[in-house]
Amino acid sequence: MANYEFDDDEPFVVIEKQTGSASAFLLGAAIGAGIALLFAPRSGIETRQELRRGARRVRDRAEDMVEGATDRLSDSFTEARERVETRIDRARQAIDVKREQVTRAMEAGRAAAQQARADLERRISETKAAYQAGGDVARGAAATPPVTPAAGDTVGADDNGDV
C-alpha cells in the first residue's frame with residue numbers, strides 16, 4: 001500500500017484502484033466452486049455423478065468445437081488449393097498462347113526471309129544477265145567492223161529503199 005499523510009483526528013477512506021487479472025478471476029472461480037460443493041444439498045455420490053455429467057458435456061462441447069474448427073480449416077485449405085490450381089492453370093494457358101504466338105511469328109519471319117532471299121537472288125541473276133548481255137553487245141560491236149553503205153544505199157533505208 002502507498003503511504004498517505006492524514007490528520008489523525010479525522011476519519012478517512014482510502015480507495016486504491018488495481019486492475020484484475022485472469023489468474024485472480026480463475027482463483028475466485030475455483031474458490032466459489034469449492035464452497036458451492038461444500039454447501040450443496042446433494043450427497044457425495046450425486047455430486048460426483050453431476051460432476052461427471054458436467055465433465056462429459058464440457059468434453060463433448062470441446063470435441064464439437066475442435067471438429068468444427070478442423071472442418072473449417074480443411075475447407076479453407078481445400079478452397080485455397082483450388083484457387084492456386086486455377087491460377088496455375090490460367091498461367092499455363094497464357095504461356096501456351098504466348099508460345100504459339102512466338103512460334104507463328106518465327107515461322108512468318110522465316111517465310112519472309114526466304115522470300116526476300118529468293119527476290120534478291122532473282123534480282124542478282126537478272127542484273128548479271130543484263131550485265132553480260134551489255135558486255136556481249138559491247139564486245140560484238142568492237143569485234144564487228146563498221147558497215148559502210150554501198151554506192152546506191154541510203155543510210156537507214158530498208159530493203160525496198162524506203163527510209
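A residue is called buried under 20% relative accessible area, exposed over 50% and partly exposed in between, with a 1.4 Å probe and protein chains only as cover. By that scale arginine 117 is exposed, because its relative accessible area is 58%.

The model is predicted: local features need pLDDT of at least 70, side-chain atom pairs count only at pLDDT 80 or more, and totals for chains, interfaces and linings use all residues. Residues are numbered from 1 along each chain as its sequence is written, and side-chain values use heavy atoms, with hydrogens and water left out.

The chain contains two helices and zero strands; helices (H or I, at least four residues) and strands (E, at least two) are DSSP runs numbered from the N terminus. Helix H1 covers 22-38, and helix H2 covers residues 44-143. Of the 163 residues, 2% count as buried. Accessible areas come from the Shrake-Rupley method with a 1.4 Å probe, and for residues only the protein chains shown count as cover.

Salt bridges come next. The term stands for a side-chain nitrogen of Lys or Arg within 4 Å of a carboxyl oxygen of Asp or Glu. Side chains of opposite charge can pair when their charged atoms come close. The whole structure holds eight salt bridges. One of them joins arginine 117 and glutamate 121, whose closest N and O atoms are 3.0 Å apart. Both residues lie in helix H2, four residues apart, about one turn of the helix. Salt bridges that share partners also join Glu50, Arg53 and Arg57 into one network. Glutamate 121 is partly exposed, because its relative accessible area is 46%.

Aspartate 60 is partly exposed at 36%, and arginine 59 is partly exposed at 47%.

The surface also carries patches. Patches are made of residues with over 30% relative accessible area and no salt bridge; like charges are joined within 9 Å, and nonpolar side chains (Val, Leu, Ile, Met, Phe, Trp, Tyr) within 5 Å. Lys and Arg count as positive and Asp and Glu as negative, while His and the chain ends are not counted. The place of a charge is taken as NZ of Lys, CZ of Arg, CG of Asp or CD of Glu.

A negative patch is formed by Asp64, Glu67, Asp71, Asp75, Glu79, Glu82, Glu85 and Asp89. Aspartate 64 sits in helix H2 and counts as exposed because its relative accessibility is 52%. A nonpolar patch of about 590 Å² is made by Leu27, Ile31, Ile35, Leu38 and Phe39. Phenylalanine 39 lies in the loop between helix H1 and H2, and is exposed with a relative accessible area of 69%.
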